[in-house]
Amino acid sequence: MVAIELFRGDITQLKVDAIVNAANNSLLGGGGVDGAIHKAAGPGLLLECKTLGGCPTGDAKLTSGYNLLAKWVIHTVGPVWNGGLNNEPSLLRSCYASCLRIADEFKIKSIAFPNISTGVYGFPKQLAAEIALDEIHACLKNPGQIRKVIFALFDNENFSIYNKLINCG
Ligand code: AR6
């Protein structure tokens with residue numbers, strides 16, 4: 001049985017096996033949750049990211065967590081919202097699936113996700129939440145090692161959307 005939980009606040013404060021970073025294709029840092037994760041992890045994270053050669057949209061790559069409470073960071077690159085007819089939904093879906101695939105490979109038992117693409121990248125929050133929950137439920141039909149999935153909800157709008165989707169069906 002896999003627990004799905006909501007956490008309201010900063011993902012860098014979570015003590016889980018892995019937190020997910022909503023990064024960009026360079027994997028060399030940025031603003032939003034990416035900036036917060038690099039700041040909390042310390043400079044070792046950027047040094048490791050520089051060795052990875054970037055990451056395609058929809059894919060994910062793993063690093064250590066350095067000074068974070070989390071042992072690992074899984075960096076994924078969400079799509080930039082560009083009207084919705086440019087494969088944005090399936091690329092977002094692929095972010096969640098790629099992260100869970102890596103989690104399984106590294107025997108990660110607990111993982112926390114931010115609301116990928118819903119900040120600077122402009123993905124509509126309601127649709128992004130529906131896709132995230134649907135894909136996580138689909139992947140967890142074969143859960144492997146995962147025991148807990150946490151959604152870290154930083155802004156009020158995402159918190160209220162997830163709360164409704166999870167608690168009201
Ligand atoms: N903990 C959890 N969630 C957070 C935090 C935090 N500390 N800070 C922000 N969020 P964004 P994107 C939420 O813009 O849209 C970066 O510059 C925020 O409220 O961080 O995927 C990258 O380098 C929002 O709901 O990521 C890329 O260039 C969600 O995290 C670009 O932004 C995602 O917002 C990626 O854009």
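On a 1 Å grid over the protein atoms alone, a pocket is an open set of points where a 1.4 Å probe fits, with protein on both sides within 12 Å along at least five of seven lines, and its lining residues have an atom within 4 Å of a point. A molecule sits in such a pocket if more than half of its atoms lie within 2 Å of its grid points. In this structure the space taken by the ligand is the largest pocket.

The model is predicted, so that local features need pLDDT of at least 70 and side-chain atom pairs count only at pLDDT 80 or more, while totals for chains, interfaces and linings use all residues. Residues are numbered from 1 along each chain as its sequence is written, and side-chain values use heavy atoms, with hydrogens and water left out.

The largest pocket has a volume of about 540 Å³, a volume being the space filled by probe spheres set on the points, which are joined across faces, edges and corners. Of its 25 lining residues, Ala22, Gly32, Val33, Gly119 and Val120 are the closest to the centre.

Around the ligand stand 22 residues, of which Asn24, Gly31, Val33, Asp34 and Thr118 come nearest; a residue is counted here if one of its heavy atoms lies within 4 Å. Helix H1 (32-41) and strand S2 (18-23) each supply at least two residues of this shell, and H1 gives the most, with four residues.

The polar contacts below are pairs of N or O atoms within 3.5 Å.

| Residue | Protein atom | Ligand atom | Distance |
|---|---|---|---|
| Asp10 | side-chain N or O | nitrogen | 2.9 Å |
| Tyr121 | backbone N or O | oxygen | 3.1 Å |
| Asp155 | polar side-chain atom | oxygen | 2.9 Å |

Taken alone, the ligand exposes 690 Å², and the protein buries 91% of that, with areas from the Shrake-Rupley method and a 1.4 Å probe.

How values were computed. Polar contact = N/O pair within 3.5 Å; in protein donor to acceptor, adjacent residues only side chain to side chain.
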